[in-house]
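Subject: Structure handover

Hello,

Here is the structure I promised to send over. Please open it first, then read the notes below.

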Amino acid sequence: MQDTDSEQYGLIHALLLDGSGGGRPLAYADLAGLQLAAQESIWLHWDRSRPRAQDWLRRHSGLSAFACDVLLEENTRPRMLTLPREELLLFLRGVNLNPEAEPEDMVSVRVFADPQRVISLRLRPLRSTEVVIRLLSEGRGPKSASELLLYLAEAMTDRVDDLVTQLSERIDAEEEALEGNERYTPEHDSMLSLRRQAAGLRRFLLPQRELYGQLTRHGLSWFVEDDTEYWNELSNRLIRYLEELDMVRERINLVLESEQRRLGERMNRTMYLLAIITGFFLPLSFLTGLLGINVGGIPGAEFPYGFQVACLLIGGIALLQWWMLRRLRWL
């Protein structure tokens with residue numbers, strides 16, 4: 001829970017990691033005189049929109065002016081920067097699960113890390129931090145600053161996994177409906193929305209995958225020995241998600257192409273039937289029009305069975321047309 005002073009300063013969470021997987025919360029007033037033991041680390045999570053949080057970062061965090069400027073940039077993308085004294089800046093993106101938000105409108109978290117400190121900043125709420133806090137409260141959380149970075153990245157990647165799975169399941173349902181029902185018409189706007197989500201996710205996941213790859217190749221001395229393997233695993237997971245997103249986009253295109261092909265076939269079939277009907281009734285319309293003109297000299301006008309003969313003639317012509325169309329395999 002936040003105390004009032006911490007909330008005023010924009011300090012969302014302050015946790016002291018005990019080095020054994022647990023952590024205890026700190027208040028804003030505890031930060032000034034805090035001394036860390038060798039096995040301890042501290043995690044400070046701030047709301048970067050608060051002026052007091054920005055003031056603390058510039059005046060009391062001990063970070064360089066360059067690091068503060070980069071952390072407080074208005075817009076950024078997933079990337080990694082190494083600073084002197086083996087300090088690290090990470091810019092990560094997570095799925096936006098806030099109410100009435102588009103998931104592909106991803107949430108940014110900016111992180112400064114050194115051997116015993118992790119300072120993270122966010123603008124909008126991020127569920128991934130709540131996962132790490134819960135693990136720390138249960139004594140199953142990260143033991144060091146380097147592990148805390150991994151836990152944050154893994155929690156954010158898990159959210160991506162859920163969203164990619166949802167997109168795949170939605171396109172699966174559309175494909176099954178399209179194959180099972182010839183009259184089924186997928187919603188064009190829904191398909192475009194799916195494609196837009198896949199493109200938006202890919203836009204941010206691609207540089208984040210490169211970031212994980214950099215951490216795999218260029219680990220710092222204060223990283224735990226097996227951290228490189230976990231960063232590599234996260235990089236491989238993002239590669240798989242990117243491949244899945246590419247597949248989702250291709251499948252959406254195939255669904256739209258299939259629907260366009262079906263619409264074209266229906267239109268061609270309709271025009272074909274109209275052409276057959278028009279060709280079938282054209283001679284009959286000519287005869288009835290010819291016999292219906294109001295002038296003298298119509299053959300059979302004085303013949304008592306003239307009407308029956310005309311009907312038989314028209315019926316014969318109709319049968320002849322039907323036979324010819326069948327022979328030409330137009331029917």
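Let me start with the strands. Strand β5 (residues 87-94) pairs with β6 in the antiparallel sense, over seven bridges. Within that pairing, L92 has V109 of β6 as its bridge partner. Please keep in mind that this is a predicted model.

β6 also pairs with β7. Those two strands run antiparallel and are joined by six bridges. V111 stands opposite S120 of β7. Two residues sit between β6 and β7, and the two strands form a hairpin.

How many residues of strand β6 are buried? Eight of eight, over residues 107-114. V107, V109, V111 and A113 point one way from the strand. S108, R110, F112 and D114 point the other way. Both sets are buried.

Now the charged pairs. Side chains of opposite charge can pair when their charged atoms come close. A search of the whole structure turns up 12 salt bridges. Three of them are worth a look on screen.

1. R122 and D47. Their closest N and O atoms are 3.9 Å apart. R122 belongs to strand β7 (residues 117-122), and D47 belongs to strand β3 (residues 41-47). The pair links distant parts of the chain, 75 residues apart. Both R122 and D47 are buried.

2. D158 and R237. This salt bridge has an N to O distance of 2.6 Å. D158 lies in helix α5 (residues 145-180) and R237 in helix α7 (residues 227-291), so the pair ties together parts 79 residues apart in sequence. D158 counts as partly exposed because its relative accessibility is 29%. R237 counts as buried because its value is 14%, and the cut-off for buried is under 20%.

3. D172 and R251. Here the closest N and O atoms are 2.1 Å apart. D172 is in helix α5 and R251 is in helix α7, so this pair also ties together parts that are 79 residues apart in sequence. D172 has 31% relative accessibility and therefore counts as partly exposed. R251 has a relative accessible area of 12%, so R251 is buried.

Salt bridges with shared partners join D47, R50 and R122 into one group.

Next, T129. Where does T129 sit? In helix α4 (residues 127-137). Is T129 buried or exposed? T129 is buried, because its relative accessible area is 4%. A polar atom of the T129 side chain lies 2.8 Å from the backbone oxygen of L126. Setting aside neighbours within four places in sequence, T129 is in contact with W43, H45 and L152.

Last, the annotated segments. The UniProt entry, which is unreviewed, carries the annotation "transmembrane region" for residues 271-293 and 305-325. What does the model show over residues 305-325? The chain there is 95% helix and 0% strand. The end C-alpha atoms of that stretch are 30 Å apart.

To find your way around, begin at the hairpin of β6 and β7. Then go to R122 in β7 and across to D47 in β3. After that, turn to helices α5 and α7, where D158 lies in α5 and R237 in α7.

Best wishes

Conventions: Residues are numbered from 1 along each chain as its sequence is written. This is a predicted model: local features need pLDDT of at least 70, side-chain atom pairs count only at pLDDT 80 or more; totals for chains, interfaces and linings use all residues. Side-chain values use heavy atoms; hydrogens and water are left out. UniProt positions are given in the numbering used here, feature names are shortened, and annotations may be inferred rather than shown by experiment. Helices (H or I, at least four residues) and strands (E, at least two) are DSSP runs, numbered from the N terminus. A salt bridge is a side-chain nitrogen of Lys or Arg within 4 Å of a carboxyl oxygen of Asp or Glu. Buried means under 20% relative accessible area, exposed over 50%, partly exposed in between (1.4 Å probe, protein chains only). Two strands pair if DSSP finds at least two bridges between them. A polar contact is a pair of N or O atoms within 3.5 Å; within protein, one must be able to donate a hydrogen and the other to accept it, and residues adjacent in sequence count only if both atoms are side-chain atoms. Contact means heavy atoms within 4.5 Å.
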